[in-house]
Amino acid sequence: MLVIAARNPACLLGGLILLATTTVVPFLSRQGQVLSIGRTDLALTPLALAGQYPGFWLLIGLAVAWVALGLLRQDRPDRPALWGGFVGCLLVISLTVTAGVKPYAFGLGSILALAICLLVLAYGLSRGGYIRADTFVAASILLLGFFVLLFIIYPILAVLQHSVMDGQGAFHPSLFLETLQRYKSFWRVLRNSLGLAVFVGVASTLIGLAFALAATRSRSRLTVLLRSFSLLPMITPPFVVGLAIILLFGLQGLVTSALLGLRTRGIFGFPGVALAQILSFAPVAFLVIASVVESVNPALEEASLTLRAGPWGTFWKVTLPLLRPGVANAFLLTIVESLADFGNPIILGGEFEVLSTEIYFAIIGRFDKTLAASLGIVLLSASLGTFLLQQYWLGHRSYVTVTGKPPSGKPMPLPRRLEIGLLGFCAAWCVFTLALYVFVIYGGFVEIWGINNAFTLRHYRQLARDGMDALNTTLILAGVSAPLTAVVGLLIAYLVVRHRFPGRGALEFTSMLSFAVPGTVIGIGYILAFNQPPLLLTGGAAILVISFIFRNMPVGIRSGVAALAQIDRALEEASVTLRASFATTLRRIVLPLIRPAIISALVFSFVRAVTAISAVVFLVSAKWQLSTKVILDQAENGRYGLATSYSTVLIVIMALAIALMYLLVGKRAAVGGLEGGGLA
Amino acid sequence: MRRWSCIGAAVMVLAFATGAAAQQNVMVLYGSPDRDWVAAVAGKFEKDTGIKTPWIRASSNEMYAKIEAEKANPQGDVWFGGTGDPHFAAAEAGLTEPYCSPKMPELREFMRDPIGGCRTLGLYAGPLGWAVNEGVLKKMGKPMPQTWDDLAKPEYKGLIAISNPTTAGTAYTALVTLLLLKGEDKGWEYLAKLHKNVAQYTKSGSAAGQLAGQGEVAIGIVFLHDAVMFAEEGFPVKPIAPADGTGYEIGGLSLIKGAPHMANAKKFIDWALTPDTQAIAKDFRSFQLQSNKKTPLPPVVLKHGMDFEHVKTIKYDFLWASKNRERIIKRWSEQIFSQAR
């Protein structure tokens, strides 16, 4: 009742909740005890802390002031919300930092208090007209901005600061250049990295495009198969593709030695790495491009045909240009992935050094953080350059094709010759992929891969005995992080595409950063940033989930951005004009339209979480073991049988999980043939 | 106001007092040898003492980086196994703490206190050697190499695999071995010649043996207990010890500085040095010589003749190796590794 009578409901509500929070909810907790409320031995409320840190009285005072202001009449109700929210946020952060000393770290209270202050601040920004959107949007912007700062920028800086910091912690800006000058192979490594990334980016995008067109526009029955096979390399744990390639194309390889009679180690180096990367990244390109192909409105193509353009002309002049956002986003993603990829070059690279492996060697081998950080900056700059290039190419053209007018007719089929060519190419690629996988699965059932081919089930027996814990943990963590990743990624995509606010470009760009940094750097960064109070996260599952979310969300963002760029804003405006709330608009209009993007975000983040390795090596804690780590450990000791049988199990589980996701999310997508049951 | 602060203070005191008591009976194990072995050791310790033992496995260089990054708030208690060099480096960097276990007199002398001051204890030792794939050699018509000098002969070009010393302790042991065996100047000349023959540098130490097992190369430079392991796993490799002498590794056992469960950590170290505990290593295809005098050598090592009695070893200076690590690796990367082959 009080709330209704209030003059400034946001302040009143915020003040009351904040007051309740400060008196009841523990502001600080011991490590891993964030949820223990009422246990004074494990956690401290602000009231209990105010004796030692008087600053807490300010926070309580702010809550009281808000309650009072909430009841008073005022001309500009956004002012107290704006300033109070701003001061409140700073206060909560600074109090957490000052009071959060060992053994106490942040608690539920500090999270809640910050959330309340952010919400009130968002209300102030929105009502005051600083952000032209409602409170929900403003709050999302603030919250995501805060997360990006905390979980992407801060850990990366924690590592990269070493490029300008000497051993004593003194600041030396020139250290960066000196380090790179000292490092003799710099130019060669940079050339290798960039050359590889561009090659892999072009090849993967082309293959992804071919698959996307063939799978969505062909009348052939093959398309279902295409979809499932194209995803296979993605759901493969690291190392396995590399190993299969060695066994097929190495010195004793089945293809090189037995079929062609060659004795060559040529696969090690650029060819092997490029092949493995294309195998792993083409599916990413496929996912991104396919979601765009599906949402192209056939009416445009029909119009072109009606205007007497031939099928080829329509394809070149209408269809392909409309796919530009998808192609550009896929290209950006694959280049960035190739730059940051570590698993393939380390196995197949031989002496072909790239930035990501050199960074790893600098940290792990030479314990030289300065060199690692300096190379990290170079790597980030390369990814940044790609991003800017992509922005330039896409420019400010409109790619809107979904306007709300009913799509007339079916999507245009491909020109006949193109279709045959694409199908032929895709089928060949699938056969190749399949050969690799038959090899992998076979490896789990023989004594020693390639040496002793007697049939055995012992690997699976050992797996059933020793590997189940890690498997469960992996699936739980991936299952938790996948929907969160999709939500965060798509929300950022939505905000970036649909709203104008200060820092929009910065948000879009920084959210790509964690993707562009090799996992090793992120892993070390997370430990440096989150291993001490007040931000104590190491040792638990939370840090793994958080690292998954912020590392894998770029695919959600990229496919979300690509899909939203095609949907006319008028659709949402119509909904809002008809007095639908923002949430209703999102639920009834936007989400159904970007369903393919949701699927690709979900699938990708789940798969990436299951197969992640390089960042995870540093973040796994004793309680949370992960499958990929087990696979790598066993493969390192030559137990391929165990490694491949474990991989096979993971592949099967991921395939099932993906099929399930399509079923749950992709009802409408059945029209586009997206689910197709092909993954079963 | 006064009253509130009094209550606040009381709560604080209570919190701290009970906080110490709330610490659980736990010992966090950071292990670097074979995964299955680490898991078994943790399980056995839990069974023997009732202390809960969560564990993590990472290669010794990765573990070093993890402990380094965590040093502001250590999460692990004991670092168990893995090549000695990173253990020694960690001791030099002050990441681990000296602990003179009462079990030390029971240890073989050369493993008792490898760098002095109880800064790390020897858990096991194993000599360096080769895993040789005779089939590949025969097919190429090459003789079996006998000495380190043989390996540098042009006829073995493209037939040798070794790990990269920037990531693997095995390869660093090889560098130091050859520098000690031949003296610094001759040693670097030799390494340059050896480099010309290397087909592939691998990330992990034992992977070189694996490549020999797969027939990708003829000779993998690895620790002999790894060569024995690959042979026992069924790979067609034969462990060979260089006739002109070789170096060896000592696996470390270190107490992490600021270990959250210090008392249990010390208990674990004492326990890990008993013959009863060490004897289980061989069940996980870890065929090193364990440090306790009473732990028997696995019979398969004797079968292959790869024990310290039969392998000619040199006097390996661990302190020198760890003090010069940075310099040697830098020189190797810049002057040897960057050369074309």
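## Domains of chain A

Into which domains is chain A divided? In this predicted model, domain 1 of chain A covers residues 2-130, and domain 2 of chain A is made of two segments, 180-397 and 409-670. The C-alpha centres of domain 1 and domain 2 of chain A are 40 Å apart.

Contact between these domains of chain A involves 10 residues of domain 1 and six residues of domain 2. On the domain 1 side, helix α5 (78-99) and strand β3 (104-106) of chain A each supply at least two residues. The most comes from β3(A), with three residues. By type, the residues on this side of domain 1 of chain A are five nonpolar, four polar and one charged.

## Domains of chain B

The assignment for chain B also gives a domain 1 and a domain 2. Domain 1 of chain B consists of 24-125 and 250-297, while domain 2 of chain B consists of 126-248 and 315-337. Taken over C-alpha atoms, their centres are separated by 26 Å.

In chain B, 19 residues of domain 1 and 18 residues of domain 2 take part in the contact. Three elements of chain B, α3 (60-69), α4 (84-92) and β5 (121-132), each give at least two residues to the domain 1 side. Of the elements on that side, α4(B) gives the most, with six residues. The domain 1 side in chain B is made up of 10 nonpolar, six polar and three charged residues.

## The largest nonpolar core

The largest nonpolar core holds 323 residues. Within this core, the residues that touch the most other members are A:Ile289, B:Ile160 and B:Ile219. Helix α13 (residues 270-295) of chain A contributes the largest share of the core, 17 residues. In soluble globular proteins, nonpolar side chains tend to be buried together.

What is B:Ile160 in contact with, leaving aside its neighbours within four places in sequence? The partners are B:Leu151, B:Asn197, B:Val198, B:Ala199, B:Val217, B:Ile219 and B:Ile221.

## Helix α2 of chain A

Helix α2 of chain A runs over residues 9-24. With 16 residues at 1.5 Å a residue, the helix should span 22 Å, and its end C-alpha atoms are 22 Å apart, so the two values agree.

Several residues of α2(A) are buried, among them A:Ala10, A:Cys11, A:Leu12 and A:Leu13. The buried residues of this helix also include A:Gly14, A:Gly15, A:Leu18, A:Thr21 and A:Thr22.

Key
Residues numbered from 1 in each chain as written. Chains lettered and ligands numbered in written order. Predicted model: local features only at pLDDT ≥ 70, side-chain atom pairs only at ≥ 80, totals over all residues. Core = buried A, V, L, I, M, F, W, Y, C linked by C-beta atoms within 7 Å. Buried ≥ 20, exposed ≤ 12 C-beta atoms within 10 Å, placed from the backbone. Helix = DSSP H or I, 4+ residues; strand = E, 2+ residues; numbered from the N terminus. Contact = placed C-beta atoms within 7 Å. Expected span 1.5 Å × (residues − 1). Domains from an automatic or database assignment. Nonpolar A, V, L, I, M, F, W, Y, C, P; charged D, E, K, R; others polar.
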